Amino acid sequence: MANVTLRNVRKTYTGGFEAIKGVNVDVADGQFCVLVGPSGCGKSTLLRMVAGLETVTGGEIDIGGRVVNQIEPADRDIAMVFQNYALYPHMSVYNNMAYGLRNRGMAEAEIKTRVEEAARVLELSAMLERKPRQLSGGQRQRVAMGRAIVRQPKVFLFDEPLSNLDAKLRIAMRVEIRKLQRRLNTTSIYVTHDQLEAMTLADVLVVMNGGQVEQVGNPLAIYEKPATTFVASFIGAPPMNLMSTRPDEIKSQLGGAAGEAGIVGIRPEDFVITDQTPAGGVALPLTVEAIERVGAETFVYGSREQEDQRVAATPGELPPGEIIVRIPGTEAPAIGQKIRVAAVRQKLHLFSGDGRKRIEA
Amino acid sequence: MQKQAIFQSKLLPYALVAPQLAIVLIFFYWPALQAVIQSFLLQDAFGLSTSFVWFDNYIELFKDPAYFEAVVRTFFFSFAIAISSLSFALLLAVMADKPLRGSMLYRTLLIWPYAVAPPVVGVLWIFMLHPSLGVISRYLRAAGIDWNPLLDGNQAAGLIILAAAWKQISYNFLFFLAGLQAIPKSVFEAAAIDGARPMRRFWTVTFPLLSPTIFFLLVVNIVYAFFDTFGIIDTMTRGGPGTSTVTLVYKVYSDGLLGGNLGSSAAQSVVLMIMVIVLTGIQFRFVERKVTY
Amino acid sequence: MVEDEGIRRYVAHFILWIGIAIVAFPVYIAIIASTQDNALIANGQMSLLPGGHFFEVYYQTIFVGTSGSTREPVGNMMLNSLVMALAIAIGKIAISIISAYAIVYFRFPFRMSIFWIIFITLMLPVEVRIYPTYKIVADLHMLDSYAGLALPLIASATATLLFRQFFMTVPDELLEASRIDGAGPLRFFWDTLLPLSRTNMAALFVILFILGWNQYLWPLLITTRDDMQTIQVGIRKMITTTDALTEWPIVMATAVLAMLPPVFVVVAMQKLFVRGLVETEK
């Protein structure tokens, strides 16, 4: 068991491209840490640096109190589950799991005990003699997990392990992985681009963008208080509505420190359709343009009226003028209908004009 | 060209390439270099002294009418072998590509001659067409043909071409069949719906789509005719009668065997090398085109 | 596929059988001739049906040889051919797979230069550098030896390129998983890469075996002793004597024996053969 600490970790490729720009993360012993971000944000690179598959060009990676920068992957006491599973196609399920143990010179009896135990937990006992190509996608995924488990490593590393599975299986395996990790209580680092997966799995969530950490923390805390507009729009689906506003406008409405803010964010579920304007809150007149009824809830896509169309144009935000509102599935305004939506003061998220800073007012 | 995931080791990679590198350097580069150097040298009749003579060996070579004849003959043989073998193989492949009963059996029965060695091919054909005892010669003579390839140079050349083309049928057949099977069947169906009759379908759809394969095989067949016919010629005619079946490779061999002019023989080797490099170059360029086709 | 009407089908079958007949006829004649009496053949009276001398002719061919020309039992020639073909096939695969492994899985100074040095050998078959190569082999005292027969024919890049191409398609994660599982470069090669290359090695082996067995010009030059002759060289020497003395049934039996192993390989391992042929020509 071990904690994992990244201290100002950097990765610069020989061409000069900076993939990781100084990352600090602390994962306590037994915690489940999820690295989430859009593709190309450096999350996989970071994980592979922890595994020792990529060299570290700056900073320190510490596993269980030992700096591992110069240590071979095999000697870091980690196990990894790959996106494409990387099972040895010519070896049986049993040998796939046993291979790493044999390379370490473990006695065959001990190997047998461990593999059979892992197979029992993962419900693979009947398939130990099969080759990977005779298994379904979900079963292969479990073999990859088994290969990690039998090693009893200090740290599990997962590189988008569920992305090759269909939606239903993905949810089932997500629950499995979480249960397994709780039981083994092994420190884990998990990479995904799926924010829902990230939210449901993480003890510690690390949101990354452009080689940097945007925010670290408990998933719900991040959801409730996103530190930047990037985090605000990345975590939560559908994404938070972000609107740029002139500072004096905000100051006059909200007062105090809010004066610095340039962007106001409101989550779709925090709107209600009403004719009233709550005290200290905001109200928007919308024209309904599209409706998505998915059963339990309804998403309303509306455009704001002319005088309000000053929406910030930073990437990841709503297209100009479009606002998403989530309402209970029982309701549905008609297309073309003019409605008024409002949100209370506590549900407003204020950000600096460049979107890099959250403002508490 | 290279993997992202690699191993780190200073000496191991050199140890791994060492055997192949050693063999290639000793048995390929060293002799090739020797041939090039030798082609610029002249040895006196007793092998006592050598002198550097620039391109004299090459000039001698190109002035030699026998050499010029061999060049023309080699190209003639190459094209004759390539075209006769390719057209017959294409006919068979088009037939075998049809959804016929037993098409796997046909394939097996047509590809095995690939494995017959050139000298054996020579023996088989000279036996059938031997002037005095060949089983086919009987009928040729009965038909009033004065058949004697051991005396008639043209008949000898025809015999070589026939035997060499025969051997190459299976190879060409195999590649044509693979090429045909790579064409999506829906294209033929579309052509049929567009009203193209079978013959027309072949010339307007199959043939153009097969053209990369045809070109590839043309080059391969020419290279084959350059080198692998040696065994056929040596068992059937030994270059004779006279020099009427001497190709470039055969000439390198027989001139060298007489042991005479080392410089000339080396110059012949170098010319041959250049020809092959050009042919291979054409083939590589074409292979790149095939990828984008 | 567009359906052909009945008549076209029959035409296709017919043409294919003609093709098969043309391809098979010379071999049929050889088999027939190898069972007949030499005097009959020499008179041009050969029958097109099997004769009664099958056992006698093949016994003499394999264990005794011709009484005139080479006098070397063909059984021994076949052994020489077999050793040469195996040495070429196995030797080439062995040195190629390890050098391809180094070139794909390591980064080291002169890597690309070494790749090109090997690659260029593709361009020139042994025929164009035959006498200088002969001289080197003579200087190394390898005339009339298996090493002299095989080594110069191993010096070519086809197999290296094939393995390189195959290694490039092996997912990187497999190497990474091996590294995490504690396997070093040699162990990864032995435990993972080699087993994965099995089909490719087999396909290549089939092709190289056939090419090796069928070598002619090179063995012709460097073997002077009769007991080092390969079967392809031997068969040529059998018909060197004046026509009247050629022992045709034995020559034809030798031809049949020379065809047997490679034809068997093509027919029995057709899938591997086709795969190997297409891959090596790419």
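Helix 7 (residues 153–182) and helix 9 (residues 198–227) of chain B have axes that come within 10 Å and cross at roughly 155°, where axes are lines fitted to C-alpha atoms, for helices over the stretch in contact, and angles run from 0 to 180 degrees between N-to-C directions. The two helices of chain B, helix 7 and helix 9, are therefore roughly antiparallel to each other. This is a predicted model, in which local features need pLDDT of at least 70 and side-chain atom pairs count only at pLDDT 80 or more, while totals for chains, interfaces and linings use all residues. Residues are numbered from 1 along each chain as its sequence is written, and chains are lettered from A and ligands numbered from 1 in the order in which they are written.

**Helix packing within chain B**

- The crossing of helix 7 and helix 9 of chain B is right-handed; a crossing is left-handed if the near helix is turned anticlockwise from the far one by less than a right angle, and right-handed if clockwise.
- On the helix 7 side of chain B, the residues that meet helix 9 include B:Gln168, B:Asn172, B:Phe175 and B:Phe176, and their counterparts in helix 9 of chain B include B:Leu210, B:Leu217, B:Asn221 and B:Tyr224.
- The residues of this contact between helix 7 and helix 9 of chain B divide into 8 nonpolar, 5 polar and no charged, with Ala, Val, Leu, Ile, Met, Phe, Trp, Tyr, Cys and Pro counted as nonpolar, Asp, Glu, Lys and Arg as charged, and the others, Gly among them, as polar.

**Contacts between chains**

- Among the 2 pairs of chains that touch, chains B and C have the most contacts, two residues being in contact if their C-beta atoms, placed from the backbone, lie within 7 Å.
- The contact of these two chains involves 79 residues of chain B and 82 residues of chain C, and helix 1 of chain B gives the largest share of the chain B side, 18 residues.
- By class, the side of chain B that touches chain C has 60 nonpolar, 13 polar and 6 charged residues.
- Helix 1 (residues 12–38) of chain B and helix 6 (residues 130–139) of chain C have axes that come within 8 Å and cross at roughly 120°, and these helices are therefore oblique to each other, given that angles under 35 degrees count as roughly parallel, over 145 as roughly antiparallel, 65 to 115 as roughly perpendicular and the rest as oblique.
- In this pair, helix 1 of chain B contributes residues including B:Ile26, B:Phe27 and B:Trp30, which meet C:Pro132, C:Thr133 and C:Ile136 in helix 6 of chain C, and the contact divides into 7 nonpolar, 2 polar and no charged residues.
- The contact between chains A and C takes 17 residues from chain A and 14 residues from chain C, and the elements that give two or more residues to the chain A side are strand 6 (78–81) and helix 2 (93–103) of chain A.
- No contact joins chain A and chain B, whose closest C-alpha atoms lie 8 Å apart.

**Sheets of chain A**

- An open sheet of 4 strands in chain A has the order 2-1-4-5 with antiparallel pairing; helices (H or I, at least four residues) and strands (E, at least two) are DSSP runs, numbered from the N terminus, and two strands pair if DSSP finds at least two bridges between them.
- Strand 2 and strand 5 (66–67) of chain A stand at the edges of that sheet, each with a single partner strand, so one side of each is left without a neighbour in the sheet.
- Strand 1 (residues 4–12) of chain A is joined to strand 2 (residues 18–27) of chain A by 7 bridges, with A:Val25 as the bridge partner of A:Leu6.
- Strand 1 of chain A also pairs with strand 4 (residues 58–63) of chain A over 5 bridges in the antiparallel sense, where A:Arg10 stands opposite A:Gly58 and A:Arg7 has A:Glu60 as its bridge partner.
- In the hairpin of strand 1 and strand 2 of chain A, which has 5 residues between the strands, A:Gly16 takes a positive phi near 105°.
- An open sheet of 6 strands in chain A has the order 6-7-8-3-9-10 with mixed pairing, and its twist averages 15° from one strand to the next.
- Strand 7 (residues 155–159) and strand 8 (residues 187–192) of chain A run parallel and are joined by 5 bridges, A:Val191 being the bridge partner of A:Asp159.
- Helix 4 (residues 137–149) of chain A lies across strand 6 and strand 7 of chain A, running at about 175° to strand 6.
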